[in-house]
Amino acid sequence: MRVADAEAETATQHSTPVLITQLQSLERHGREVYTQYIFKLFQDEIVRESALVVANRVDEGEVRRLYYLEHYARREGNWTVEYNPVDNQIKCCCLMFESFGLPCCHMISVMKCEHLLAIPKSLIMQRWTRRATPRQPTIGQISPSMTSMARYGILSSGYNLMSFYASHTHESFEHARQVSHEMTSWMRDRWEKVKKLRTSDVGEPSSVGSLFGVGDPVIVKTKGNPRNNAESKGTRKARKCQVCQSIGHDKRTCPKLKAKE
């Protein structure tokens, strides 16, 4: 899906569809507004419009006009389209615009009858346009490696353009090379400092974490039974002899046991 989206975006930005209908004003406006994929769908609706005929028109004052459409030579289907000339509002009974967000062939037929040279703004959905803002991922969805690669690509593109301009004369070349060396040395020193902060001793809080509000986790050292940690070592009970219950010896060296023997 990402590859398909990238190909569609590239085609929209770097190619121009050919106009194929007689309604070139509307078609040209759709080409300028819509993405390439949506424009092809809009173009298909313009082609379908050629098979429609306005059977009747009813004017209800100056704020509303009703168009009754049907198929040419077949009289199949019957569609009612409402047009408001004050604000260029168009509504069709097929509800294609309400369900998909694209003007239907019936609306285009009314545009032709009203001699509209552009698609009304009320019929242009922002999500289908070239200037639609893509949904930006949140900070948690972007990995550090992807962020680093994106920054690298942006910087590489900028410095390639700078190198092109600086390579035309000897003076600009020398100046660009000197600035590049100074900037590289400064960035290398800054990167090494940050790298040392990130590789600080285990268990010590890193100052890098304070820049982002996240510190190092607490290191808990346990071995064997979790209850016998460092805090409880000083309170460990002394072992007693199993024979006399005294402290300082066991049953192998118990004086009472030796006296009985």
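Analyst: W186 lies in helix α7. This is a predicted model, where local features need pLDDT of at least 70, side-chain atom pairs count only at pLDDT 80 or more, and totals for chains, interfaces and linings use all residues. Residues are numbered from 1 along each chain as its sequence is written, and side-chain values use heavy atoms, with hydrogens and water left out.

User: What makes W186 count as partly exposed?

Analyst: Buried means under 20% relative accessible area, exposed means over 50%, and partly exposed is in between (1.4 Å probe, protein chains only). W186 has 48% relative accessibility, so W186 counts as partly exposed.

User: Why is H106 called buried?

Analyst: The relative accessible area of H106 is 7%. The cut-off for buried is under 20%. Therefore H106 is buried.

User: Where is H106, and what is H106 in contact with?

Analyst: H106 sits in helix α5, residues 105–113. Helices are DSSP runs of H or I with at least four residues, strands are E runs of at least two, and both are numbered from the N terminus. Contact means heavy atoms within 4.5 Å. Leaving aside neighbours within four places in sequence, H106 is in contact with L52, L69, W79, V81, C92 and C94.

User: Which residues of α2 are buried, and what do they pack against?

Analyst: In α2 (residues 24–33), L26, E27, H29, G30, R31 and V33 are buried. The buried residues of α2 pack against α3 (36–49) and α5.

User: How many helices and strands does the chain have?

Analyst: The chain has nine helices and four strands.
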